[in-house]
Amino acid sequence: MTSSMPYGGSHSAPVRSPDRVQGQTEVLFVCHANQCRSPYAEAIADRLADGRPIRFHSGGLLSGGMPMPETGRRLGAALGYSFDGHRSRELDLLDLDGFDVILTAARDQAREIVAANPDLWPRVFTIKQFSRWLADQRRPPRAIVGSWLDAVAADRDRRSLLGEDPDDDVADPLGMPESAWTAMVDELTTHLTRILDGLSPRRADQA
């Protein structure tokens, strides 16, 4: 039986760079409001990490303080996640340099982050983009993820963030029936499983 675990912030303080912990990878998930996709990504990734030295955060582009919609909270409870205490948090777009990788639900959020801080470009992907990109990469053993991305991901085609594309964007379930939330969970789980495998030190040491 899956136990219920709390996820998400209990206050609306802005999301800023975390205090670094040696040997730990800091991952930030971003969606538009931090009410649906990014808190679910944070919760799913935390479960999939299974003790790996990776810490997950989430935030949005809108003002914070909003709860997750009831449909999302209800589905979360059925899956063993508790979002009852979640309140959305707004990003401090000028203080995100401390994250090793920033994964957005869709291209438009990635564009806003890079526009506000162009130096973050090598570390900003949509979740789906990063899932595909990692499949073709070999992370060196013991490499710090952020420094590694700065070195190898800066020459990506910046046009990959233009417009919208369902191949890169996770659909927003806000205002949709539970089936849309379930589809979002399935999609996030698939891509985050691949991402965690790609970021796992255990896999890197075997490469």
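Predicted model: local features only at pLDDT ≥ 70, side-chain atom pairs only at ≥ 80, totals over all residues.
The chain contains 7 helices and 6 strands. The C-alpha trace extends over about 40 × 40 × 35 Å along its principal axes. The radius of gyration of the chain is 16 Å, which agrees with the value near 17 Å that a compact globule of 207 residues would have. Of the 207 residues, 49% are buried. Among contacts between residues at least 6 apart in sequence, 78% link residues that are at least 24 apart.

Within this fold, helix α4 (residues 127-135) packs against helix α6 (residues 178-199), the two axes lying 9 Å apart at an angle of about 40 degrees. Because of this angle, α4 is oblique to α6; angles under 35 degrees would count as roughly parallel. The crossing of the two helices, α4 and α6, is left-handed. On the α4 side, the contact is formed by Ile-127, Lys-128, Phe-130, Ser-131 and Leu-134. Helix α6 contributes Glu-187, Leu-188, His-191, Leu-192, Arg-194, Ile-195, Gly-198 and Leu-199. By residue class, the contact of α4 with α6 comprises 7 nonpolar, 3 polar and 3 charged residues.

Key: Residues numbered from 1 in each chain as written. Heavy atoms only, no water. Axes fitted to C-alpha atoms, helices over the stretch in contact; angles between N-to-C directions. Helix = DSSP H or I, 4+ residues; strand = E, 2+ residues; numbered from the N terminus. Parallel < 35°, antiparallel > 145°, perpendicular 65-115°, else oblique. Left-handed = near helix turned anticlockwise from the far one by under 90°. Contact = heavy atoms within 4.5 Å. Nonpolar A, V, L, I, M, F, W, Y, C, P; charged D, E, K, R; others polar. Rg over C-alpha atoms; globule rule 2.2 N^0.38 Å. Buried < 20%, exposed > 50% of the residue type's maximum accessible area, 1.4 Å probe, protein only.
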